[in-house]
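I opened this structure for a first look and kept short notes. The entries follow the order in which I looked things up.

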Amino acid sequence: MTLLRMAASYRHSADLIRLRIVALKDEARSASPTEKAKLDQRIRDLNILYRETRETALVLERYYDRRYHGHGRRAV
């Protein structure tokens, strides 16, 4: 598997995570206070996973780009 294919896989996973976040937000609107607190925590956890998954996809996409190193964009 090439890095670009891996990046595409990560992007697809990020899309699925984002859809789950949206579904949980909809569910939280009508949930009891106790259940809403649990859903809100799950949403926070998934937001972290979503961000990290997108960042990984970006790193994989730009792995061979000499101007891109690590998790930040820096010109050489």
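**Entry 1: buried side of helix 1.** I listed the buried residues of helix 1 and found Ala7, Ala14, Ile17, Ile21, Leu24 and Ala28. Buried here means under 20% relative accessible area, exposed means over 50%, and partly exposed lies in between (1.4 Å probe, protein chains only). These buried residues of helix 1 pack against helix 2. I took contact as heavy atoms within 4.5 Å.

**Entry 2: what I am looking at.** This is a predicted model, in which local features need pLDDT of at least 70 and side-chain atom pairs count only at pLDDT 80 or more, while totals for chains, interfaces and linings use all residues. Residues are numbered from 1 along each chain as its sequence is written, and side-chain values use heavy atoms, with hydrogens and water left out.

**Entry 3: overall layout.** I counted 2 helices and 2 strands in the protein. Along the sequence they follow the pattern α-α-β-β. Helices (H or I, at least four residues) and strands (E, at least two) are DSSP runs, numbered from the N terminus. Of the 76 residues of the protein, 20% count as buried. Among contacts between residues at least 6 apart in sequence, 55% join residues at least 24 apart.

**Entry 4: the helix pair.** At what angle do helix 1 and helix 2 pack? Helix 1 (residues 3-29) and helix 2 (residues 33-61) pack at about 160°, and their axes are 8 Å apart. The axes are lines fitted to C-alpha atoms, for helices over the stretch in contact, and angles run from 0 to 180 degrees between N-to-C directions. Helix 1 and helix 2 are therefore roughly antiparallel to each other. The cut-offs are under 35 degrees for roughly parallel, over 145 for roughly antiparallel, 65 to 115 for roughly perpendicular, and oblique for the rest. By class, the contact of helix 1 with helix 2 has 18 nonpolar, 4 polar and 10 charged residues. Ala, Val, Leu, Ile, Met, Phe, Trp, Tyr, Cys and Pro count as nonpolar, Asp, Glu, Lys and Arg as charged, and the others, Gly among them, as polar.

**Entry 5: helix lengths.** I checked the span of helix 1: its 27 residues should span 39 Å at 1.5 Å a residue, and its end C-alpha atoms are 39 Å apart, which agrees. The expected span of a helix is 1.5 Å times one less than its number of residues. Helix 2 has 29 residues and reaches 42 Å from its first C-alpha to its last, close to the 42 Å expected.

**Entry 6: buried side of helix 2.** In helix 2, I found Leu39, Ile43, Leu46, Tyr50, Thr53, Ala57, Leu58 and Leu60 buried. Thr53 has 9% relative accessibility, so Thr53 counts as buried. Leaving out residues up to four places away in sequence, Thr53 touches Tyr10, Ser13, Ala14 and Ile17.

Entry 7: Is Ile21 buried or exposed? Ile21 counts as buried, at 0% relative accessibility. Not counting residues up to four places away in sequence, Ile21 touches Ile43, Leu46, Asn47 and Tyr50. Tyr10, also placed in helix 1, is partly exposed at 33%. Beyond its neighbours within four places in sequence, Tyr10 is in contact with Thr53, Thr56, Ala57 and Leu60. Tyr10 and Thr56 are 46 residues apart in sequence and 7.2 Å apart in space, C-alpha to C-alpha. Arg20 is in helix 1 and counts as partly exposed at 43% relative accessibility.
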